[in-house]
Amino acid sequence: MSRERRIGWVPQEYNEMSPEELAQRVSFAKSQLGDRLTILGHHYQRDEIIRFANYRGDSLELSRHAANTDSEFIVFCGVNFMAETAAVLCSPEQVVIQPVEEALCPMAEMAGRHQAESTYQALSTVWSDSVIPITYQNSTAEIKAFVGEQGGAVCTSSNARGLFEWAFDQGGRILFLPDEHLGTNTALDMGLPEEALGVWNPLHPPDPAEFADCRIVVWKGFCWVHTGFDVEDVAQARADHPDALVIVHPECPRPVVVASDLSGSTARIIQVVEQAPQGATVYVGTECHLVDRLNDEYPNKLVLPLSRRACGSMAMTQLKHLSYVLDGLLEGETRNVVSVPDDVARSARLALDKMLQIG
Ligand code: SF4
């Protein structure tokens with residue numbers, strides 16, 4: 001089988017190395033590269049990766065680090081849209097590397113540029129106010145570029161509400177991509193009535209006239225991890241630990257958010273666990289690598305997954321992949337470089353700058 005057809009390919013010698021040997025190689029490469037290297041690790045990455053990250057965070061925090069670092073090499077351990085965002089935000093002299101190029105976010109792949117353009121045009125025919133597209137950070141650079149060209153913005157789960165308020169202050173109505181649930185939860189939490197909200201299925205585009213009275217139309221995309229939680233999980237958690245706090249990510253479906261005590265971004269979830277009193281039990285409805293890590297880091301609290309759900313795309317990156325790309329840098333070879341065409345990057349940057357300013 002050719003290299004191109006194998007996901008997460010590394011030379012065979014890396015498959016045969018022990019975890020200890022790989023860890024030593026990564027430590028050595030980091031010490032040799034010093035400030036020339038910044039490793040960014042998303043909270044959903046494996047522990048074997050997170051222990052080597054210079055910064056760990058959610059997508060907003062890591063975007064800020066990517067925009068602010070002077071390092072020559074940014075190794076982004078996450079999924080592809082995050083590495084693309086780093087490539088858009090950093091300077092042309094910097095190189096962004098993704099240890100597993102094939103680690104794509106399924107949700108981000110649910111919205112294509114042509115679909116978004118035709119939806120935008122369809123809504124423009126029935127809305128007298130301007131259509132302001134807002135895309136979740138979990139989208140391709142092509143979608144971010146489209147949004148930037150139309151005067152819209154990127155948001156994360158931390159600042160979606162702020163961006164929605166910004167769009168309404170402009171006198172516009174919102175086309176939100178690609179996560180139905182984050183869009184729905186944000187709109188309803190802001191107090192919008194359900195009838196102000198429409199769901200656009202790009203696989204069966206509806207008659208835009210059905211959405212004439214909507215103030216927000218959300219794309220019918222979803223996260224495989226977070227849509228897997230259900231209200232029975234919350235009921236079971238409450239039955240097992242009646243005093244526990246239940247917090248879920250806003251990518252969860254609305255009934256799960258309503259049944260829980262709180263919902264919030266990854267950064268908010270971490271803050272809630274930090275601030276919970278000693279001896280507290282907290283159930284968390286998000287990716288289980290983060291939940292397990294929180295449980296380890298707060299030994300005087302019990303942090304439990306609402307149910308065990310892992311992101312297969314995030315889990316693709318293993319120590320052997322990190323070691324392989326870092327060894328390449330020591331040898332003067334940049335492996336698995338992520339780049340975005342200049343015209344796409346320029347437009348995407350417009351939308352990302354709004355996120356960084358307003359967020
Ligand atoms: S957890 Fe969900 S949104 Fe995040 S990368 Fe995985 S599939 Fe995408």
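**Close-up views of a predicted model**

**View 1. The loop that holds Asn336.** Asn336 is placed in the loop between α15 (319-330) and α16 (342-358), in a structure that is a predicted model. The phi angle of Asn336 is near 60°, which is a positive value in a residue other than glycine.

**View 2. The cis peptide bond between Leu177 and Pro178.** The peptide bond that leads from Leu177 to Pro178 is cis, and its omega is near -20°. Pro178 belongs to the loop between β7 and α9, the latter helix being formed by residues 180-189.

**View 3. The open sheet of 5 strands.** The strands of this open sheet follow the order β6-β5-β7-β9-β8, and their pairing is parallel. At the edges are β6 (153-155) and β8 (197-200), each of which pairs on one side only. Neighbouring strands of the sheet are turned against each other by 25° on average, with direction ignored. Strand β5, made up of residues 131-136, pairs with β6 in the parallel sense over 3 bridges, and Thr135 stands opposite Val154 in β6.

**View 4. The open sheet of 4 strands.** Here the strand order is β11-β10-β12-β13, again with parallel pairing in an open sheet. The edge positions are taken by β11 (262-263) and β13 (302-305), and each of these two strands pairs on one side only. Strand β10, which covers residues 245-248, is joined to β11 by parallel pairing over 2 bridges, and Val248 is found opposite Ser263 in β11. Helix α12, formed by residues 266-275, lies across β10, β11, β12 (281-285) and β13, and the direction of this helix is at about 165° to β10.

View 5. The space that the ligand takes is the largest pocket. Around the ligand stand Tyr44, Val79, Cys105, Pro106, Asn138, Cys223, Val225, Glu251 and Cys311. When the residues of this shell are divided by type, 7 are nonpolar, 1 is polar and 1 is charged. Among the residues around the ligand are the cysteines Cys105, Cys223 and Cys311, and the shell also includes Val79 and Val225.

Key. Residues numbered from 1 in each chain as written. Predicted model: local features only at pLDDT ≥ 70, side-chain atom pairs only at ≥ 80, totals over all residues. Heavy atoms only, no water. Near = heavy atom within 4 Å. 1 Å grid on protein atoms, 1.4 Å probe; cavity = no way out; pocket = protein on both sides within 12 Å on 5 of 7 lines; lining within 4 Å. Sits in = over half its atoms within 2 Å of the grid points. Nonpolar A, V, L, I, M, F, W, Y, C, P; charged D, E, K, R; others polar. Pairing = 2+ DSSP bridges. Contact = heavy atoms within 4.5 Å. Axes fitted to C-alpha atoms, helices over the stretch in contact; angles between N-to-C directions.
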